Each structure stands twice: as C-alpha cells, then as structure tokens.
Amino acid sequence: MKNKYRILKIAITVIILGFLLSFSLKKFSVQKITDNKISVKMNEKTPVYFIDEKDIREIVNKENPSRKVGDLNIPELEKKINALPAVDSANVYLNLNGSLNLDIKQRIPVFRLNNDGKDFYVDEKGTEFPISKTYSHPCMLVTGDVKKDEYEKLAELVEKIDKDDFSKKYFIGISKYKDSYNLLTSEGNYRVEIGDLDNIELKVKGFKTFVEKYLVFQDPQKYRMISVKYQNQIVTTLNPYFKENDSIIKASHKDLAKTPIVVAAVKKPEVNLKPEAKKASSTSLKPKENTKPKTVVKPREKKTSEKKSTVKPKAKVKIE
C-alpha cells in the first residue's frame, strides 16, 4: 500500500508539473521579442565593422516577422547568420525571460589580396571573403598570383611584420613576381626581395642589420632592389634614375665595353703580322732582282764607245 501511495503521489506531481510547464511554455511562446530583448555581442579582439548590430537585427526580424518566441526557429537563424561572408561564427540562444542573445565573431582580415583584377580579404585561417562597400579594414596589401595553399604562410609573414616595430615601420606591402616575393618599403623606391616564404625571420633580420649598419648613412633613393633571398648574403641593385649613380653606372658600362675590345685588338695583330711580313719580303726582293737587268748602264756605255772607236778609225782612214 505504501508503495502504491508513493507511485500515485509521484504521478500526480508529474502531471501537475507537466500542466504547469505546458502552461508556461504556451505563455512563453506567445511572448514577443522586442528590440529591447535582442542582445547582439561582437566578440572580436580587433574591432571590425563589416556587419553591425543593425544588420543582425534586420536578419532577426526578417526570419521572425511575428516576433513571437514560439515562431522563432533558432537553428535556422543561426545558419543564416553563419552564412554571411564576414562572419566567422555565430551562437544564438534564448533566456527564460524571453530575451534573444546573439554572440557573433567576425572575420579579421590579415591581408588584402589583389589578384588578376579580383580584390578580396583573407583571414588568419586562409579564408577568402569579399570587401565591403561601407567599410575598409587597414591591413597589408598583397598583389600578384598568390596560390591558395600559400595563404597561411603569407598570413604568418604579415603577422610577424605587424608584431615587429622595425618591420612594421619599413614594410607597407607585399608583391609576388613569378615565384619570388618582394616586400615594398615606405622609404625610397627600392623593394626587398625575399624569394620564397621560408626562413622569414632570418631574412628580415638580415635586412634589419643592413639598414642599421649601412643604409641609414645612404640616400634611400640610391637603390632599386635589395635582395636577402640568398643565404648569408645581401645583393643590392642601383637605381639608374638616381643622379649620384650615373658616374658609377657609366663607369661600369665603360669597363664592360673595354673588355672585349682589348681582347680583339691583341688577337688581330698576332694573326695578321706573319702574312703581312711574308708579302713585304717577297715584294721587296723582286724589285731588286728586276731593277738590275732593266737599268743596263754599262752596255749603253760600250755601244757609245764602240761608235766612237769606229768613228775615229774612219776619220783616221779619211785623213790618210
């Protein structure tokens, strides 16, 4: 009997609680979600404004025109907000007092990529999302044919630049030409060639050493490119439009121009001297041989003497 009484007591209690719960649920579902009961929180470490509280409220009202708690489909609303390109994650839930809470985390751009005429943002996870017409986030600008599998390494490079005061001061952009990356600087017209995205810390450290020990004493317009992609080596390229480089560039061109000419001048006399000497000797000997028979002086003198001798005897004969 005692057990039956206890079971009956528990059953009555459950029925009463169920009745009260159903009554409260009906009353709760009829409640309206007013603007005061909608709480929107943006949970970003870095403030971004791709979407604002007004945009979220418009989505809530569109998904629940009646504004009744019972007509609100929370999973569907959460799915709609997560589908926004600039949203990283969204959590939607209701309190017992009928207030709607939305905790939203927006994507934070690490860099802005301009690739083949397309312009978009990339976050730290390597996810692309479009730029906004109403908001532009300050971040590193990257240009060139960057592949998707390079996004994460490129994001790491940008984060390292942002965390280092020296790098943040000097580097304002990144460009990719063929397979080599270049850091664009805020001073001068030169770029820093880093090659691939490996050993970034070592490459940036090498450039920093070059700046502190040498470049600070030079005009930043002097160079067109400073390459740190080679291991333990820094290669510089002069700017041809910098006036002070004219004498250096002209001198280097003259040296390069002289080198092949000197070699050719040495080779030509060596080849041509021997045949010219032979021709000269042959021509000099032939005239000597030919002049002797041509200039016959003695025979002419003999002829004249013979004439004279013949004339004299005739004269002698005539006189006799």
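The largest pocket holds about 660 Å³ of space. This is a predicted model. Lining that pocket are 22 residues, and 11 of them are charged. The second largest pocket has a volume of about 240 Å³. Elsewhere, the model has 12 salt bridges and a nonpolar surface patch of about 280 Å².

**Largest pocket**

- Of the 22 lining residues, Thr-46, Ile-108, Pro-109, Val-110 and Glu-159 lie nearest the centre of the pocket.
- Strand S3 (100–106), strand S4 (109–115) and helix H4 (151–163) each give two or more residues to this lining.
- H4 gives the most, with four residues.
- By class, the lining of the largest pocket divides into 11 charged, seven nonpolar and four polar residues.

**Second largest pocket**

- The volume here is about 240 Å³, with 14 residues in the lining.
- Nearest the centre of this pocket lie Leu-202, Val-228, Tyr-230, Gln-231 and Asn-232.
- Six of the lining residues are polar, four are nonpolar and four are charged.

**Salt bridges**

- Side chains of opposite charge can pair when their charged atoms come close.
- The count for this model is 12 salt bridges, with a side-chain nitrogen of Lys or Arg within 4 Å of a carboxyl oxygen of Asp or Glu as the rule.
- Arg-107 and Asp-88 form a salt bridge through their side chains, at 3.5 Å from N to O.

**Glu-150 and its contacts**

- Glu-150 is placed in the loop between strand S7 (140–143) and H4.
- Leaving out residues up to four places away in sequence, Glu-150 touches Asp-145, Lys-176, Tyr-181 and Leu-197.
- Leu-197 is 47 residues from Glu-150 along the chain, yet the C-alpha atoms of the two are separated by 8.6 Å.

**Nonpolar surface patch**

- Leu-8 has its place in helix H1 (residues 2–30).

Methods
Residues numbered from 1 in each chain as written. Predicted model: local features only at pLDDT ≥ 70, side-chain atom pairs only at ≥ 80, totals over all residues. Heavy atoms only, no water. Patch = residues over 30% accessible without salt bridge, like charges linked within 9 Å, V, L, I, M, F, W, Y side chains within 5 Å. Areas by Shrake-Rupley, 256 points an atom, 1.4 Å probe, with all protein chains shown as cover. 1 Å grid on protein atoms, 1.4 Å probe; cavity = no way out; pocket = protein on both sides within 12 Å on 5 of 7 lines; lining within 4 Å. Points joined across faces, edges and corners; volume = space filled by probe spheres on them. Nonpolar A, V, L, I, M, F, W, Y, C, P; charged D, E, K, R; others polar. Contact = heavy atoms within 4.5 Å.
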